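Student: I would like to learn how to read a structure one feature at a time. Can we go through one together?

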Amino acid sequence: MEKLQKMISEKSVVIFSKNSCCMSHTIKTLFLDFGVNPTIYELDEINRGKEIEQALAQLGCSPTVPVVFIGGQLVGGAKQVMSLHLNRSLIPMLKHVGALWL
């Protein structure tokens, strides 16, 4: 859990993903299309990916990918991110943490 907290706090936007997950691809594309440069951890490719996935599950993330943190705070998965985007809250949130300049 300590390793997870360190990973989350180091960058303004962190996405936990898996290459095999289509929703992960969608969320990564959304952020990249905005011009955000998120830190992306592919849990199916990195060392201790299973441990990190278990720690995400302990935080209440279900499903465990994709999971987005903005400014060190858990935003949630694809459903939560898309809801923020559709109600026009996502871009202001990204601007607030310095991840986006428009």
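Student: Let us start with Glu53. Is Glu53 buried or exposed?

Tutor: This is a predicted model, and the values are computed from it. Buried means under 20% relative accessible area. Glu53 has a relative accessible area of 14%, so Glu53 is buried. This residue lies in helix α3, which covers residues 49–58.

Student: Which residues is Glu53 in contact with, leaving aside its neighbours within four places in sequence?

Tutor: Glu53 is in contact with Lys18, Leu43 and Thr64.

Student: Where is Val65, and which residues does Val65 touch?

Tutor: Val65 sits in the loop between α3 and β3. Its relative accessibility is 11%, so Val65 counts as buried. Not counting residues up to four places away in sequence, Val65 touches Phe16, Ser17, Lys18, Cys21, Ser24 and Leu43.

Student: How should I read the peptide bonds and the phi angles?

Tutor: Most residues other than glycine have a negative phi, and most peptide bonds are trans. The exceptions are what to look for. Here the peptide bond from Ser62 to Pro63 is cis, with omega near 0 degrees. A cis peptide bond also joins Val65 and Pro66, where omega is about -10 degrees. Pro63 lies in the loop between α3 and β3, and Pro66 is found in that loop as well.

Student: What is the phi of Arg48, and what is the phi of Arg88?

Tutor: Arg48 is not a glycine but has a positive phi of about 65 degrees. Arg88, also not a glycine, has a positive phi of about 65 degrees. Arg48 is in the loop between β2 and α3, and its relative accessibility of 49% makes it partly exposed. Arg88 is in the loop between α4 and α5, and Arg88 is exposed, with a relative accessible area of 71%.

Student: How many disulfides does the structure hold?

Tutor: A disulfide is a covalent bond between the sulfur atoms of two cysteines. The structure holds zero disulfides. Cys21 is in no disulfide, and the nearest cysteine sulfur to its own, that of Cys22, is 5.6 Å away. The cut-off is within 2.5 Å, so a pair has to meet that distance to count. Cys22 is likewise in no disulfide, with the sulfur of Cys21 as its nearest cysteine sulfur. Cys21 counts as buried at 17% relative accessibility, whereas Cys22 is exposed, with a relative accessible area of 58%.

Student: What should I look for in the nonpolar core?

Tutor: In soluble globular proteins, nonpolar side chains tend to be buried together. In this model the largest nonpolar core has 17 residues, of which Phe31, Leu90 and Leu94 touch the most other members. At least two residues of this core come from each of β1 (13–17), α2 (22–34), β3 (67–70), α4 and α5 (90–96). The largest share, four residues, comes from α2.

Student: Which residues is Phe31 in contact with?

Tutor: Leaving aside neighbours within four places in sequence, the contacts of Phe31 are Val13, Ile15, Val36, Pro38, Val68, Ile70, Val81, Leu90 and Leu94. There is also a second, separate core of 15 residues, which includes Tyr41, Ile52, Ala55 and Leu56.

Student: Which residues lie nearest the centre of the largest pocket?

Tutor: The largest pocket holds about 180 Å³ of space. Its lining has 14 residues, and Ser62, Pro63, Gly76, Gly77 and Gln80 lie nearest its centre. β4 (73–76) and α4 (78–86) each supply at least two residues of the lining, and α4 gives the largest share, three residues. By type, the lining divides into eight nonpolar, five polar and one charged.

Key:
Residues are numbered from 1 along each chain as its sequence is written. This is a predicted model: local features need pLDDT of at least 70, side-chain atom pairs count only at pLDDT 80 or more; totals for chains, interfaces and linings use all residues. Side-chain values use heavy atoms; hydrogens and water are left out. On a 1 Å grid over the protein atoms alone, a cavity is a set of points where a 1.4 Å probe fits but cannot get out, and a pocket is an open set with protein on both sides within 12 Å along at least five of seven lines; lining residues have an atom within 4 Å of a point. Grid points are joined across faces, edges and corners, and a volume is the space filled by probe spheres set on the points. Ala, Val, Leu, Ile, Met, Phe, Trp, Tyr, Cys and Pro count as nonpolar, Asp, Glu, Lys and Arg as charged, and the others, Gly among them, as polar. Buried means under 20% relative accessible area, exposed over 50%, partly exposed in between (1.4 Å probe, protein chains only). Contact means heavy atoms within 4.5 Å. A nonpolar core is a set of buried Ala, Val, Leu, Ile, Met, Phe, Trp, Tyr and Cys residues joined through side-chain atoms within 4.5 Å.
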